[in-house]
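Colleague: Could you take me closely through a single part of this model, and then connect that part to what surrounds it?

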Amino acid sequence: GIENLALSARDTPVYCKCPECSKYDSSTLFFNFVKKLVLESNKKHPGRKYSTIAYSFYLKPPKTDLKSVKNLTVFYCMYNRCFKHLFADQTCNVNPRATKAIKDWKATGVQPGLYGYHFDIFGGKKMVFTPVASILAEELRWMRAQGVKNWYTEFYSVLNPQKKLSAQKCFVNRFPAYVITKLTWDPDRKTEDLLNDFCRYSFGPAAKEMEQYYKLIEQAWMKDGHVSYYFSNPASMADKVISDALIKKVDPLFKSALEKAKKNPRALKIVTADY
């Protein structure tokens, strides 16, 4: 009864090294296997769909023809994109690798989807807001221009009412998650308008202060002096984004927001959790 089956290899580079398999690079070896598996399955289960990822040690385009496998979707894993610079910023030393990789995959006749790590760059015990709304907006518009039709990002989190809101990823990063839901429907919407809508709904009478807070955090995120991609150190990034100068600007905003939200229990709870 399954209509769409996901196929992917292990995270670690464990694969056959026999004389026959050693004729191929790891990416070609993996995609050859997926291709044979899907084509054989098509004989017994016609009409089904399959997906896999260009990932880890099978990230590069394989030396095998995947164009004939019409019911297979490949998602390119975006290790090599910067979450601080826009793709349009060619001064970034990371993003050109991502844009080139998509072109290399398209040259094989396969239009890959995108599989992102926008929220995995901050993780572990240090729960930090990831202000990537502008990055997401540009990526989704760029994706549309490239003809990419499949996109998703890792966001493993379920809200637990028994835990502090401020310690839960789905709460801390709810604004960029909101941006994703809106922009995947309409990539042309302005992130400024989305932020305004989000703050009015979330913070009620404290919307003005909280909107300014979110803008300040995004500006700090975009500044020079830190890197922001999958293999960078989350703690060092947070330390460089959250400066004393930023705190001096943010604290009065929260003081005012908390005062304005006093008579609105819902807004007060949300402002307090963000603070």
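Modeller: In this predicted model, I would start from a strand pair, where Leu114 stands opposite Trp151 in E5. The strands E4 and E5 run parallel and are joined by 3 bridges, and they belong to an open sheet of 5 strands with the order E1-E2-E3-E4-E5 and parallel pairing. The edges of this sheet are strand E1 (4-6) and strand E5 (151-153), each of which pairs on one side only. Between neighbouring strands of the sheet the average turn is 25 degrees, direction ignored. Helix H1 packs on the sheet, where it touches E2 and E3, and the direction of H1 makes about 175 degrees with that of E2.

The buried residues of H2 are Asn95, Ala98, Thr99, Ala101, Ile102 and Trp105. Viewed down the axis of H2, these buried residues fall within an arc of 155 degrees, so they line one face of the helix. An α-helix has 3.6 residues a turn, so residues three or four places apart point the same way. Lys103 and Ala107, on the other side of H2, are exposed. Just after H2, Gly109 takes a positive phi of about 95 degrees.

Glu139 lies in H3 and Arg81 in the loop between E3 and H2, so the pair ties together parts that are 58 residues apart in sequence. Glu139 is buried, with a relative accessible area of 1%, and Arg81 likewise counts as buried, at 0% relative accessibility.

For context, the structure holds 12 salt bridges, among them one between Glu209 and Lys260, whose closest N and O atoms are 2.8 Å apart. Here Glu209 lies in helix H7 (residues 207-222) and Lys260 in helix H9 (residues 244-260), so this pair ties together parts that are 51 residues apart in sequence. Glu209 counts as buried at 7% relative accessibility, whereas Lys260 is partly exposed, with a relative accessible area of 41%.

Key. Residues are numbered from 1 along each chain as its sequence is written. This is a predicted model: local features need pLDDT of at least 70, side-chain atom pairs count only at pLDDT 80 or more; totals for chains, interfaces and linings use all residues. Side-chain values use heavy atoms; hydrogens and water are left out. Buried means under 20% relative accessible area, exposed over 50%, partly exposed in between (1.4 Å probe, protein chains only). Helices (H or I, at least four residues) and strands (E, at least two) are DSSP runs, numbered from the N terminus. The arc is that of the directions from the helix axis to the C-beta atoms. Two strands pair if DSSP finds at least two bridges between them. Axes are lines fitted to C-alpha atoms, for helices over the stretch in contact, and angles run from 0 to 180 degrees between N-to-C directions. Contact means heavy atoms within 4.5 Å. A salt bridge is a side-chain nitrogen of Lys or Arg within 4 Å of a carboxyl oxygen of Asp or Glu.
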